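Please look over the sequence and the structure shown here before reading the briefing that follows.

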Amino acid sequence: METWDALRARRNVRQFTEQPVPDEALDRILEAGRRAPSAGNWQPWDFVLVTDRAQLVELAKVWQGARHVAGAAAAIAIVAPEPQDDRQSALLQYDLGQATYAMTVAAADLGIGTGHAAAADQDQARSVLGFPEGRFLAYVLSVGYPSDKPLAVLERLNRRPFDEVVHRGGW
């Protein structure tokens, strides 16, 4: 897929086939996250790849909106350091958003769906993933092949109209 098509085909996927995602594809998706832009080149992320079904089921319990993780072929847990102040918190959220989106577009380029979720139950997350103190699970991406239909350019986009969103030279 071309980059422009991948951007237009990316959508949140919540139901997946049982087909495993090849290791090479998972590595490419993770590499996209690793290469994401970061304020001051901080790179505050660590990624934990989960492919074990029992572990995916437990990881899905970190938040009510993460149930889709249980049925995915894989999940990428995005772990970050606890921010030390408001400025670091803002930079962290921006950087993690960059890494998350880079991974979702890289997946779409490969015809692989992703669904993102936050994490509320940090004790559950730490129990499943084993990350150290001073870190937290920020987001989790479910990864797999969509069960409803393959990824394709979305013709009927559910977004505000371009002319309503874009302002040129001022509001």
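**Briefing on the predicted model**

Trp45 is buried, with a relative accessible area of 8%, where buried means under 20% relative accessible area, exposed over 50% and partly exposed in between, computed with a 1.4 Å probe on protein chains only. This is a predicted model, in which local features need pLDDT of at least 70 and side-chain atom pairs count only at pLDDT 80 or more, while totals for chains, interfaces and linings use all residues. Residues are numbered from 1 along each chain as its sequence is written, and side-chain values use heavy atoms, with hydrogens and water left out.

**Aromatic pair**

- The structure holds 1 aromatic pair, and because the rings of Trp45 and Phe47 have their centres 6.3 Å apart and their planes at 10°, this pair is stacked.
- Rings of Phe, Tyr and Trp (its six-membered ring) are paired if their centres lie within 6.5 Å, and planes under 30 degrees apart count as stacked, over 60 as edge-to-face and the rest as tilted.
- Phe47 is partly exposed, with a relative accessible area of 22%.

**Fold and overall dimensions**

- The chain has 6 helices and 4 strands, taken as DSSP runs numbered from the N terminus (helices H or I, at least four residues; strands E, at least two), and along the sequence they follow the pattern α-α-β-α-β-α-β-α-β-α.
- Taken along the principal axes, the C-alpha atoms of the chain fill a box of roughly 45 × 40 × 30 Å.
- Of the 171 residues in the chain, 40% are buried.
- Among contacts (heavy atoms within 4.5 Å) in the chain between residues at least 6 apart in sequence, 78% join residues at least 24 apart.

**Gln124**

- Gln124 lies in helix α5, which spans residues 122–129, and Gln124 is buried, with a relative accessible area of 17%.
- Leaving aside residues up to four places away in sequence, Gln124 touches Glu58, Lys61 and Val62.
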